[in-house]
Amino acid sequence: MANNLLQGKRGIIFGALDEQSIAWKVAERCVEEGAKITLTNAPVAMRFGQINELGTKLNAEIIPADATSMEDLENLFTKSMEALGGKIDFVLHSIGMSINVRKGKDYTDLNHEWMLKTFDVSAISFHKMMQTMMKLDAINEGGSILALTYIAAQRVFPDYSEMAESKALLESFARSFGYHYGVQKKVRVNTISQSPTFTTAGSGVKGFKEFFDYADKMSPLGNASALSCADYCVTMFSDLTRMVTMQNLYNDGGFSSMGMSPAILGL
Ligand SMILES: NC(=O)c1ccc[n+]([C@@H]2O[C@H](COP(=O)([O-])OP(=O)(O)OC[C@H]3O[C@@H](n4cnc5c(N)ncnc54)[C@H](O)[C@@H]3O)[C@@H](O)[C@H]2O)c1
């Protein structure tokens, strides 16, 4: 289904860990559409994940970077421009991690040191990434930056815990930085709010399977897959969406507009 939508473009994909990762699918679709990319993930993910396999398959250089480290980010953008032969056209931030969720802490009994770490990894890293790119003048005019988010930023999903606040912060960074990047370089910044998806990060949330089935029933089109998210990312990276910026865009089969579904009530 390739349409050369990203022919001649250079991109950086954060967060491909294994075949389930949303970023994995995005990387594959971007290359299918003609882009040249580099891949990046936290140094620790190099040992646990399968990113090397993806790098070989897509002929993409892998540049490790802890997304909370300004030094690592500077190295990543500099090396990516070298590897790809010029400034970057698109970037995907596909990063999320909460120690409180991982350790099963109750929302009313969170460890606030861990919470700060969650915000740093899952949201502030997005600001750090954009600030570094701007400083290095690493992105081309009209470039497109995306981060992946979840509707828990707007509505209450109790087991999503402090990741809800992380996503609210992430979406706010997209709007605020989108203003500055738009004015300076006509660069677009958006977030895509994705359906529940079976991945390492996703399945870490308590009761994920039941919740996945609930969302699937609630959504007129059913849950959006990782591949459909990748397709949406491709359109957002392409020149077809060059006037879309500072938006939170739902790729959720209609879930976000639903109030009640007869399918849930068994009517
Ligand atoms: N899976 C879902 O149900 C779902 C739904 C909506 C949004 N999202 C979002 O999609 C994004 C991707 O998650 P996924 O579901 O594909 O899971 P995933 O576990 O495959 O991806 C999360 C990635 O974050 C990386 N990461 C963690 N700490 C990092 C750090 N310090 N520096 C750099 N990278 C780091 C991990 O190595 C991993 O590759 C996340 O932002 C997640 O919140 C997921």
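Analyst: A residue counts as buried if 20 or more other C-beta atoms lie within 10 Å of its own. The model is predicted. By that cut-off, 5 of the 5 residues of strand E1 (residues 10-14) are buried, so E1 is largely enclosed by the rest of the structure. Arg10, Ile12 and Phe14 are buried on one side. Gly11 and Ile13 are buried on the other.

Next, the partners of the strand. E1 pairs with strand E2 (residues 36-40) in the parallel sense, over 5 bridges. Within this pairing, Ile12 stands opposite Thr38, and Phe14 stands opposite Thr40. The chain gets from E1 to E2 through helix H1 (residues 22-32), in a right-handed β-α-β crossover. E1 also pairs with strand E4 (residues 88-93), again in the parallel sense, over 3 bridges. Here Ile13 stands opposite Leu92.

Strands of a sheet pair through backbone hydrogen bonds, either parallel or antiparallel.

Now the crossover helix. In H1, 9 of the 11 residues are buried, so H1 too is largely enclosed by the rest of the structure. The buried set includes Ile22, Ala23, Trp24, Val26, Ala27, Cys30 and Val31. Lys25 and Arg29 are buried in H1 as well. After the helix comes Gly34, with a positive phi near 100°.

The largest nonpolar core has 60 residues. Ile13, Ala27, Cys30, Ile37 and Cys233 have the most contacts inside that core. Helix H10 (residues 226-237) gives the largest share of this core, 8 residues. In soluble globular proteins, nonpolar side chains tend to be buried together. Ile37 ties several of these parts together.

H1, strand E5 (139-149) and helix H8 (200-203) each give two or more residues to the shell around the ligand. The largest share, 3 residues, comes from H8. The shell has 26 residues, of which Ser21, Gly96, Thr199, Ala201 and Gly202 come nearest to the ligand. By class, 13 residues of the shell are nonpolar, 12 are polar and 1 is charged.

Met115 is found in helix H6 (residues 112-136). Met115 has 18 other C-beta atoms within 10 Å, so this residue is partly exposed. Not counting residues up to four places away in sequence, Met115 touches Asn100, Leu110 and Glu162. Its C-alpha atom is separated by 9.0 Å from that of Met163, 48 residues apart along the chain.

Methods
Residues numbered from 1 in each chain as written. Predicted model: local features only at pLDDT ≥ 70, side-chain atom pairs only at ≥ 80, totals over all residues. Buried ≥ 20, exposed ≤ 12 C-beta atoms within 10 Å, placed from the backbone. Helix = DSSP H or I, 4+ residues; strand = E, 2+ residues; numbered from the N terminus. Pairing = 2+ DSSP bridges. Right-handed = clockwise from strand over helix to strand, strands pointing away. Near = placed C-beta within 6 Å. Nonpolar A, V, L, I, M, F, W, Y, C, P; charged D, E, K, R; others polar. Core = buried A, V, L, I, M, F, W, Y, C linked by C-beta atoms within 7 Å. Contact = placed C-beta atoms within 7 Å.
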